[in-house]
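This report is a guided reading for someone meeting the structure for the first time. Please keep the sequence and the 3D view at hand while going through the sections below.

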Amino acid sequence: MSEIRYDRLHDTHVIIAPERLHRPSCEIRQRDRRAVKRVCPFCEGNEKLTPAEIYALRPKDSYANEKGWKTRVVPNLFKAVQIEAQHKHHFGMFEHWEGFGAHEILIDTPEHFTSMTEWSEQHVINWLSTLRQRANDLRGDTRLASLSLFKNEGAEAGGTQPHSHTQIIGLPIISKAKKDEYERVYEHFKHNNNSLIALLVEEESKPENNRFIASSGDFSAFCPYASSHPFEIMISSQKALGEITSLSDNSIKELAPLLLNVLKKLKTQLNCLEFNLLLSTPPLQESSLGHELLASLHQSSRFYIRIIPRIYKYGGFEEDTGIIINPVAPELAAKLLRESEND
């Protein structure tokens, strides 16, 4: 039987409809993304094929834009927004901003890995540490109101470059979805004196709810109760960590093996794993939402990672209503993932 479930964090509804699981659009096709037919600009040794690096995790005795790096951040050649543009807001009936913002590419590893499941635990630690550094640095630009940190792995997830990479976009505005989410968690904190996300993590981690997958240190991975996508995973902590810049080195070392573990479990279950990975990022400036919300961020909110496998296409109903139909119950997805043996 199907259920209409309420997502308390995002204030949305989803329909869990197992009866639709065997529709043809759910078929997963194996794709070979490892074949490289041209020189890869992201591979070590090809640094001259990208714009000059903004930041790199590299030994002190190595030089910028040369070999020896562990992670490397460069401007995106195909920018959605440009840091060189005017920071200018035009009002009126057709209100708009100039195309100002930051759009960076984090080249995740020097090796030509096409999947995050091929990484070592140290690769994940380097990646998280680099994202923490870039988020902290971009926060210093008071013209930016919000950040988006995300990975698109595979063609179905919007990936266009096979070499594993992550995108960072900073905007002078905050999207309605992000604004609503952080205002919602703040209102919950103000009236209940506890964190909505921490409560969700606590409840989802209970074995009797059948959606828990695994844990490492303070972090837990689970399939959310109102998952909008099949095999969707959320990783978070009950500990007061409001954003990626608040993660300590120890927290990153706890988070890294868990993230790698659940990705490998997904790969085992789905075979062809294409996904979006989103890292929560709160508003950057008080002008975006307000002093009280940002001041209470570590108490009211929690840093989390959301993994969304792309195995199902949506149609007119989802576009019309904003309600997504998910054919895989999160309880079943979590059970299969718990039982998965990593390759």
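## A buried asparagine

With a relative accessibility of 8%, Asn76 counts as buried, because buried residues are those under 20%. The model is a predicted one, and in it Asn76 sits in the loop that runs between strand 4 and strand 5 (89–90). The side chain of Asn76 reaches the backbone nitrogen of Phe78 at 2.8 Å. Once neighbours within four places in sequence are left aside, the residues in contact with Asn76 are His103, Glu104, Ile105 and Gln167.

An open sheet is formed by 10 strands, which follow one another in the order 3-4-7-9-8-13-14-12-11-10 with antiparallel pairing. Its edge strands are strand 3 (55–57) and strand 10 (212–216), each of which pairs on one side only. On average, and with direction ignored, neighbouring strands of this sheet are turned by 20° against each other.

Within this sheet, strand 7 (residues 102–107) and strand 9 (residues 165–171) run antiparallel and are joined by 6 bridges; Leu106 stands opposite Thr166 in strand 9. Helix 1 (residues 121–139) packs on the sheet, where it touches strand 3, strand 4 (71–75), strand 7, strand 8 (146–153), strand 9 and strand 13 (275–279), and the direction of helix 1 makes about 160° with that of strand 7. Helix 3 (residues 196–204), for its part, lies across strand 10, strand 11, strand 12 and strand 14 (304–309), running at about 115° to strand 12.

Another open sheet has 3 strands in the order 1-2-15, and its pairing is mixed. Strand 1 (3–7) and strand 15 (324–326) stand at the edges with a single partner strand each, so one side of each is left without a neighbour in the sheet. From one strand to the next, the twist averages 35°. Strand 2 (residues 12–16) runs parallel to strand 15 and is joined to it by 3 bridges, and Ile16 stands opposite Asn326 in strand 15.

## Nonpolar cores

The largest nonpolar core has 52 residues, and those with the most contacts inside it are Trp127, Ile233, Ile235, Leu259, Leu279 and Ile307. Helix 4 (residues 249–270) gives the most to this core, with 10 residues. Apart from it lies another core, of 13 residues, which includes Val185, Tyr186, Leu196 and Ile197.

What does Ile233 touch, leaving aside its neighbours within four places in sequence? Ile233 is in contact with Ile213, Ala221, Phe222, Cys223, Pro224, Val262, Leu266, Ile305, Arg306, Ile307 and Leu337.

## Aromatic pairs

The count comes to 2 aromatic pairs. In one of them, the rings of Trp119 and Trp127 have centres 5.8 Å apart and planes at 70°, so the pair is edge-to-face. Trp119 counts as buried at 2% relative accessibility, and Trp127 is buried as well, with a relative accessible area of 0%.

Tyr312 and Tyr314 also form an edge-to-face pair, with 5.3 Å from centre to centre and 75° between the planes. Here Tyr312 counts as buried, at 7% relative accessibility, whereas Tyr314 counts as partly exposed, at 29%.

## Two loop residues

His229 is found in the loop between strand 11 (219–222) and strand 12 (233–237), and at 6% relative accessibility His229 counts as buried. Not counting residues up to four places away in sequence, His229 touches Arg306, Ile308, Pro309, Arg310, Tyr314, Ile324 and Asn326. With one of these, Arg310, the side chain of His229 is joined by a polar contact of 3.3 Å. The C-alpha atoms of His229 and Glu204, which are 25 residues apart along the chain, are separated by 17 Å.

Is Ser175 buried or partly exposed? Ser175, which lies in the loop between strand 9 and helix 2 (176–192), counts as partly exposed at 36% relative accessibility. The C-alpha atoms of Ser175 and Ala145 are separated by 9.7 Å, while the two residues are 30 residues apart along the chain.

Technical notes:
Residues numbered from 1 in each chain as written. Predicted model: local features only at pLDDT ≥ 70, side-chain atom pairs only at ≥ 80, totals over all residues. Heavy atoms only, no water. Helix = DSSP H or I, 4+ residues; strand = E, 2+ residues; numbered from the N terminus. Buried < 20%, exposed > 50% of the residue type's maximum accessible area, 1.4 Å probe, protein only. Contact = heavy atoms within 4.5 Å. Polar contact = N/O pair within 3.5 Å; in protein donor to acceptor, adjacent residues only side chain to side chain. Core = buried A, V, L, I, M, F, W, Y, C linked by side-chain atoms within 4.5 Å. Pairing = 2+ DSSP bridges. Axes fitted to C-alpha atoms, helices over the stretch in contact; angles between N-to-C directions. Phe/Tyr/Trp six-rings, centres within 6.5 Å; stacked < 30°, edge-to-face > 60°.
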